Amino acid sequence: MSKKHKHEEEVKEEAPEQAAAPADETAQEDYLEQLVRLKAEFENYRKRIERERPLLIDLGKEKVIEKFLPLYDVMLKAQAEINKKGANVDTLKSGLEMVFKEMQRIFAAEGIKPIDCIGTDCNYELHDVLTTLPSDKKNDGKVVEEVQKGFTLNGKVLRHSKVCVGKCPEEAEEQAEEKEKKDEGKEAE
C-alpha cells in the first residue's frame with residue numbers, strides 16, 4: 001500500500017471518532033443543563049411549599065373555628081338565660097340540649113362519631129381500661145361504665161374511651177387458682 005493511501009485510511013478512521021466526540025459533548029451539555037434546570041425547579045417548589053404550609057394550617061384552623069361559632073352563639077344564649085332573674089332548671093336543661101344538638105351536628109358534618117362501649121367486649125384499640133369492677137358472669141370482660149367518651153374521625157380513633165370493665169369475682173378466683181397450679185407445676189420441675 002502506498003503511503004498516501006495508508007494516510008487517507010488513518011484520516012478516515014479518525015474522522016468518525018472526532019465527529020462522535022462533539023455529539024457526545026453536546027448530549028452531555030444538554031443533560032447537564034436539564035439537571036441544573038430540574039434542580040432549580042425543585043428548589044423553587046420546596047421554597048413555595050414552605051411558604052404555603054403556614055397559610056394552609058391557618059386556613060384549616062379558620063374552617064374549624066367557623067364551624068364552632070354557632071355553638072358559641074348557643075352557649076351565649078344559654079348563659080344569658082341563666083343570668084336572667086327567674087331562670088329555672090327547665091331553662092338550663094333546654095339550653096344544654098341546644099348546645100349538645102349543635103355539637104352533634106358539627107361532629108356529624110365532620111365525620112366524628114362517638115364510640116359506643118357500654119355492654120360491649122373490651123377492645124384495647126378503642127378503650128383505655130381504668131379499672132375493673134365486680135360484676136356477674138354475663139358482664140365479665142365487658143365495659144360496664146364509661147368514665148370519658150371516646151371518638152373516632154372517619155374510622156380513626158381520636159380519643160379512646162376511658163372505661164371500667166366488669167370482672168366476675170368467681171372467674172377471678174378460678175383464674176388465680178389456675179395460675180397457682182401452673183406456678184406449682186413449674187416449681188416441681
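Trainee: Let's start with Glu43: is its side chain buried, partly exposed or exposed?
Mentor: Glu43 is partly exposed, since its relative accessible area comes to 29%, where buried means under 20%, exposed over 50% and partly exposed in between, with a 1.4 Å probe and protein chains only. The areas themselves come from the Shrake-Rupley method with a 1.4 Å probe, and for residues only the protein chains shown count as cover. Keep in mind that this is a predicted model, in which local features need pLDDT of at least 70 and side-chain atom pairs count only at pLDDT 80 or more, whereas totals for chains, interfaces and linings use all residues. Residues are numbered from 1 along each chain as its sequence is written, and side-chain values use heavy atoms, with hydrogens and water left out.

Trainee: OK, and which residue forms a salt bridge with Glu43?
Mentor: That is Arg46, with the closest N and O atoms 2.2 Å apart; a salt bridge here is a side-chain nitrogen of Lys or Arg within 4 Å of a carboxyl oxygen of Asp or Glu. Arg46 is partly exposed too, at a relative accessible area of 33%.

Trainee: How many residues apart are they in the helix?
Mentor: They sit 3 residues apart in helix H1, so about one helical turn separates Arg46 from Glu43. Helices are DSSP runs of H or I with at least four residues, strands are runs of E with at least two, and both are numbered from the N terminus. Glu50 belongs to the picture as well, because a network of salt bridges links Glu43, Arg46 and Glu50.

Trainee: How many salt bridges does the count come to?
Mentor: The count is 9. One of them joins Asp128 and Lys162 at 3.7 Å, N to O. This pair ties together distant parts of the chain, 34 residues apart, with Asp128 in strand S2 (residues 127-134) and Lys162 in strand S6 (residues 161-167). Asp128 is partly exposed at 31% relative accessibility, and Lys162 is partly exposed at 27%. Another joins Lys149 and Glu146, at 3.3 Å from N to O; Lys149 is partly exposed at 31%, as is Glu146 at 24%.

Trainee: Switching to the surface, which residues gather in a patch of negative charge?
Mentor: Asp24, Glu25, Glu29 and Asp30 do. Patches are made of residues with over 30% relative accessible area and no salt bridge, joining like charges within 9 Å and nonpolar side chains (Val, Leu, Ile, Met, Phe, Trp, Tyr) within 5 Å. Lys and Arg count as positive and Asp and Glu as negative, while His and the chain ends are not counted, and the place of a charge is NZ of Lys, CZ of Arg, CG of Asp or CD of Glu. Glu25 lies in helix H1, residues 3-83, and is partly exposed with a relative accessible area of 47%.

Trainee: And which residues form the nonpolar patch on the surface?
Mentor: Ile65, Leu69, Tyr72 and Leu76 make up that patch, with about 390 Å² of accessible area together. Leu69 is also in helix H1, and it is partly exposed at 44% relative accessibility.

Trainee: What about cysteines, how many disulfides does the count come to?
Mentor: There are 0 disulfides, taking a disulfide as a pair of cysteine sulfur atoms within 2.5 Å. For Cys117, the closest cysteine sulfur is in Cys122 at 9.4 Å, which is too far for a bond. Cys117 is buried at 3% relative accessible area, and Cys164 is buried at 6%.

Trainee: Last topic, the backbone: what is the phi of Asn154?
Mentor: Asn154 has a positive phi of about 50° although it is not a glycine. Most residues other than glycine have a negative phi. Asn154 sits in the loop between strand S4 (151-153) and strand S5 (156-159), and it is exposed with a relative accessible area of 65%.

Trainee: Zooming out, how many helices and strands does the chain have?
Mentor: The chain has 3 helices and 6 strands, running α-α-β-β-β-β-β-β-α from the N terminus on. Of its 189 residues, 13% count as buried. Gly166 in strand S6 is buried, at 1% relative accessibility.
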